[in-house]
Amino acid sequence: MTWSVRAAQPADLPAILPMMVAFNHEESIAWSPKTGQAALVRLLSSPELGHVGLGIHDAAPAGYFILTWGFDLEWSGRDAFLTELFLSPAARGRGLGKRLLAAAVETAQENGVRALHLVVRPQNAAAVALYRQAGFQDVPRTLMTKKLA
Ligand SMILES: CC(C)(COP(=O)(O)OP(=O)(O)OC[C@H]1O[C@@H](n2cnc3c(N)ncnc32)[C@H](O)[C@@H]1OP(=O)(O)O)[C@@H](O)C(=O)NCCC(=O)NCCS
């Protein structure tokens with residue numbers, strides 16, 4: 001078994017898109033390449049916006065993560081959101097999710113991120129356990145969103 005994680009390139013779009021469709025389907029998020037692909041293409045070629053990590057299992061793409069950069073005086077500098085973390089179903093249950101998350105945290109640190117945030121559905125027991133084990137903590141705040149465009 002081999003496993004590695006590298007920065008995704010624009011040429012990796014065909015490998016990432018099907019995983020992204022699967023991720024959003026599992027998370028019950030309305031997302032389709034038709035409306036969402038352009039933003040992914042932009043992110044893949046815009047390191048100032050964030051970072052896409054691609055997990056390779058036995059020479060085949062098997063997972064990805066997405067980090068997007070922010071800036072918050074509460075953290076005295078750059079913070080980031082881990083907006084997506086996904087491992088192909090066939091690769092789950094053998095510690096690779098943990099390694100993919102560790103790669104995301106390491107990439108954030110390498111990019112000067114001082115605090116990393118994420119949103120997870122409380123019903124997603126596997127992900128909640130994974131994140132808690134990695135040191136993520138609940139914050140006593142309510143995430144609110146106003147759509148602007
Ligand atoms: C979440 C996900 C990345 C975990 O990947 P994985 O390779 O199966 O996880 P690992 O084998 O590395 O397990 C790491 C930890 O996750 C937790 N975990 C994994 N599967 C679990 C399950 N079915 N039930 C409970 N906890 C689980 C455990 O804490 C485990 O640590 P342990 O083995 O020391 O107990 C993977 O299930 C996935 O991609 N799910 C769909 C997408 C998703 O939910 N992403 C996160 C949403 S924000």
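Biologist: Where does Glu27 lie in the chain?
Modeller: First, this is a predicted model, in which local features need pLDDT of at least 70, side-chain atom pairs count only at pLDDT 80 or more, and totals for chains, interfaces and linings use all residues. Residues are numbered from 1 along each chain as its sequence is written, and side-chain values use heavy atoms, leaving out hydrogens and water. Helices (H or I, at least four residues) and strands (E, at least two) are DSSP runs numbered from the N terminus. On that basis, Glu27 belongs to the loop between H1 and helix H2 (33-44).

Biologist: Is Glu27 buried or exposed?
Modeller: The cut-offs are under 20% relative accessible area for buried, over 50% for exposed, and partly exposed in between, using a 1.4 Å probe and protein chains only. Glu27 has a relative accessible area of 15%, so it counts as buried.

Biologist: Which side chain makes a polar contact of 3.1 Å with that of Glu27?
Modeller: A polar contact is a pair of N or O atoms within 3.5 Å; within protein, one must be able to donate a hydrogen and the other to accept it, and residues adjacent in sequence count only if both atoms are side-chain atoms. At 3.1 Å, the side chain of Glu27 pairs with that of Arg121.

Biologist: What is the phi of Ser28, and is this residue buried or exposed?
Modeller: Ser28 also sits in the loop between H1 and H2. Its relative accessible area is 67%, so Ser28 is exposed. Although Ser28 is not a glycine, its phi is positive, at about 55°.

Biologist: Where is the place of Asp58, and what is its phi?
Modeller: Asp58 is in the loop between strand S2 (50-57) and strand S3 (60-72). With a relative accessible area of 43%, it is partly exposed. Asp58 is a residue other than glycine with a positive phi, near 50°.

Biologist: Turning to the ligand, which residues come nearest?
Modeller: A residue is near a molecule if one of its heavy atoms lies within 4 Å of it. There are 21 residues around the ligand. Those that come nearest are Leu85, Leu87, Gly95, Lys98 and Asn124.

Biologist: Which helix gives the most residues to the shell around the ligand?
Modeller: Four elements each supply at least two residues of that shell: helix H1 (13-26), strand S4 (77-87), helix H3 (96-110) and helix H4 (125-133). With six residues, the one that gives the most is H4.

Biologist: Which polar atoms lie by the oxygen atoms of the ligand, and how much of the ligand does the protein bury?
Modeller: A polar backbone atom of Gly95 is 2.8 Å from a ligand oxygen, and a polar side-chain atom of Asn124 lies 2.7 Å from a ligand oxygen. An N or O atom in the side chain of Gln133 is 3.1 Å from an oxygen atom of the ligand. By the Shrake-Rupley method with a 1.4 Å probe, the ligand taken alone exposes 930 Å². Of that area, the protein buries 73%.

Biologist: How far apart in space are Asp79 and Leu116?
Modeller: Asp79 lies in strand S4, and its relative accessible area of 8% makes it buried. Asp79 and Leu116 are 37 residues apart in sequence. In space, C-alpha to C-alpha, they are separated by 5.9 Å.

Biologist: And how far apart are the C-alpha atoms of Ala108 and Glu27?
Modeller: Ala108 lies in helix H3 and is buried, with a relative accessible area of 3%. Ala108 and Glu27 are 81 residues apart along the chain. The separation of their C-alpha atoms is 23 Å.

Biologist: What about His57 and Gly135: how far apart are they in space?
Modeller: His57 has its place in strand S2 and counts as buried at 13% relative accessibility. In sequence, His57 and Gly135 are 78 residues apart. Between their C-alpha atoms the distance is 25 Å.

Biologist: Lastly, how far apart in space are Gln123 and Glu48?
Modeller: Gln123 is in the loop between strand S5 (115-117) and H4. It is exposed, with a relative accessible area of 62%. Gln123 and Glu48 are 75 residues apart in sequence, and C-alpha to C-alpha they are apart by 33 Å.
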